[in-house]
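Please keep the sequence and the 3D view at hand while reading.

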Amino acid sequence: MKILLAPLSWVSIWAMPAPDRRRIIDAFPQHQFADVYTRDDVTRELDDAEVAFVPGLKGSEITRATRLRWIHTQAAGVGHMLTPELIASDIVLTNSRGVRAPAIAEHVIGMVLVLARQLHTLLEHQRARHWAQEEMDLSGRMWTLRGRTMGIVGLGSIGEGVAKLAAVFGMTVIAIRRRVDASPVDGVREIWPPERLHDLLAASDVVVLTVAHTPETEGLIGERELRAMKPNAVIVNVGRGSLIQEPALIAALQAGTIGGAALDVVAEEPLDRDSPLWSLPNVLISPHVSGTIERYWESSADLFMDNLRRFETGQPLLNVVDKHAGY
């Protein structure tokens with residue numbers, strides 16, 4: 001069996017290092033591996049591959065790859081991969097959801113704590129060697145997580161991790177999920193269907209976006225949704241930048257109609273140096289690093305190897321994507 005091994009990315013930290021690739025190859029000497037490092041090599045080696053570990057394929061490549069039966073990607077989000085050709089094909093698609101979920105959940109809580117306790121402002125005072133006790137005490141901008149409501153939009157592995165941590169801090173957690181009748185989630189008090197998004201926004205002190213990027217969630221949060229939020233509520237986005245209509249968000253933050261935002265993803269990455277988001281005092285920016293963890297690629301390789309053993313023996317694969325739902 002030929003396996004195309006090409007976990008590539010234009011961002012170097014998202015491309016699997018050579019030692020982890022070698023570990024996969026050495027574990028399966030019975031198979032032929034095409035271990036490639038350029039997009040041109042992917043196109044050249046794809047035609048006779050049965051398995052491909054790639055960040056994505058063009059529709060024309062899917063059509064040509066008549067022997068391809070399974071695609072695995074190092075990412076959790078797969079919206080960019082779901083071409084009409086792939087959706088219509090019998091090719092199974094799996095992703096790496098769950099590998100980064102614990103780190104992203106902690107990142108979310110960390111950013112919420114920074115905004116709640118104004119830690120970013122305190123650091124500015126520290127650098128200025130200014131004892132700002134009176135200013136901070138009288139500012140009215142410091143609050144606690146306990147007793148607040150967190151609304152999570154998207155209750156996958158990341159959303160579940162965020163919910164569990166938020167509950168530990170004494171928050172009431174409500175969530176939006178397409179399948180409301182699926183298994184209950186620890187820490188989540190109520191699960192609502194997507195049609196109740198505005199109810200969730202109105203009820204939440206913290207809104208967390210962990211939903212997948214699909215045609216249905218493109219621009220999910222716009223002017224109308226931001227108006228539905230509480231005036232002091234904050235929004236956290238660790239999903240995809242395209243979930244939020246950025247001009248509407250900037251306008252709401254500048255007008256003070258919402259309390260703040262913590263963004264690990266933005267519509268265009270890297271964020272333009274001239275974007276107002278950089279300088280707004282009620283905004284935290286992290287450069288798409290919420291999922292950064294030590295030994296990530298070791299875990300990612302382990303997931304692929306587990307699935308490859310399952311594929312060899314005809315067992316169900318882990319993390320199969322519903323190509324029509326988009327996640």
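A salt bridge is a side-chain nitrogen of Lys or Arg within 4 Å of a carboxyl oxygen of Asp or Glu. By that criterion, the side chains of Arg-39 and Glu-61 meet in a salt bridge, at 2.7 Å from N to O. The model is predicted: local features need pLDDT of at least 70, side-chain atom pairs count only at pLDDT 80 or more, and totals for chains, interfaces and linings use all residues. Residues are numbered from 1 along each chain as its sequence is written, and side-chain values use heavy atoms, with hydrogens and water left out.

**Salt bridges**

- A search of the whole structure finds 16 salt bridges.
- Helices (H or I, at least four residues) and strands (E, at least two) are DSSP runs, numbered from the N terminus.
- Residues are called buried under 20% relative accessible area, exposed over 50%, and partly exposed in between (1.4 Å probe, protein chains only). Glu-61 is therefore buried, at 2%, whereas Arg-39 is partly exposed, at 33%.
- Lys-2 and Glu-45 form another salt bridge through their side chains, at 2.6 Å from N to O. This pair also links distant parts of the chain: Lys-2 is in strand E1 (residues 2–5) and Glu-45 is in helix H2 (residues 39–45), 43 residues apart.
- Lys-2 counts as buried because its relative accessible area is 6%.
- The side chains of Arg-295 and Glu-298 meet in a salt bridge of 2.8 Å, N to O. Arg-295 is exposed, with 58% relative accessibility, and Glu-298 is partly exposed, with a relative accessible area of 29%.
- Salt bridges that share partners join Lys-2, Asp-41, Arg-44, Glu-45 and Asp-48 into one network.

**Aromatic pairs**

- Rings of Phe, Tyr and Trp (its six-membered ring) pair if their centres lie within 6.5 Å; planes under 30 degrees apart count as stacked, over 60 as edge-to-face and the rest as tilted.
- Four aromatic pairs are found in a search of the whole structure. One of them, Trp-70 with Phe-304, is stacked, at 5.4 Å centre to centre and with 25° between the planes.
- Tyr-296 is buried, at 4% relative accessible area, and Trp-297 is buried, at 9%.
- One aromatic cluster is formed by Phe-53, Trp-70, Phe-304 and Phe-311.

- Asn-319 is placed in the segment after helix H12 (296–313), and a relative accessible area of 17% makes Asn-319 buried.
- At 3.0 Å, the side chain of Asn-319 reaches the backbone oxygen of Asn-95.
- With contact meaning heavy atoms within 4.5 Å, the residues that Asn-319 touches, not counting those up to four places away in sequence, are Leu-93, Thr-94, Asn-95, Ser-96, Arg-97 and Leu-303.
- Ala-228 belongs to helix H10 (residues 223–228) and is partly exposed, at 22% relative accessibility.
- The C-alpha atoms of Ala-228 and His-198 are separated by 6.3 Å, although the two residues are 30 residues apart along the chain. Leaving aside neighbours within four places in sequence, Ala-228 is in contact with His-198, Leu-201 and Ala-202.

**Backbone geometry**

- Most residues other than glycine have a negative phi, and most peptide bonds are trans.
- Glu-269 and Pro-270 are joined by a cis peptide bond, with omega about 0°. Pro-270 is in the loop between strand E11 (260–263) and strand E12 (283–285).
- Arg-129, which is not a glycine, has a positive phi of about 55°. Arg-129 lies in the loop between H6 and helix H7 (133–138) and is exposed, at 81% relative accessibility.
- His-288 also has a positive phi, near 55°, and is found in the loop between E12 and H12.

Technical notes. A polar contact is a pair of N or O atoms within 3.5 Å; within protein, one must be able to donate a hydrogen and the other to accept it, and residues adjacent in sequence count only if both atoms are side-chain atoms.
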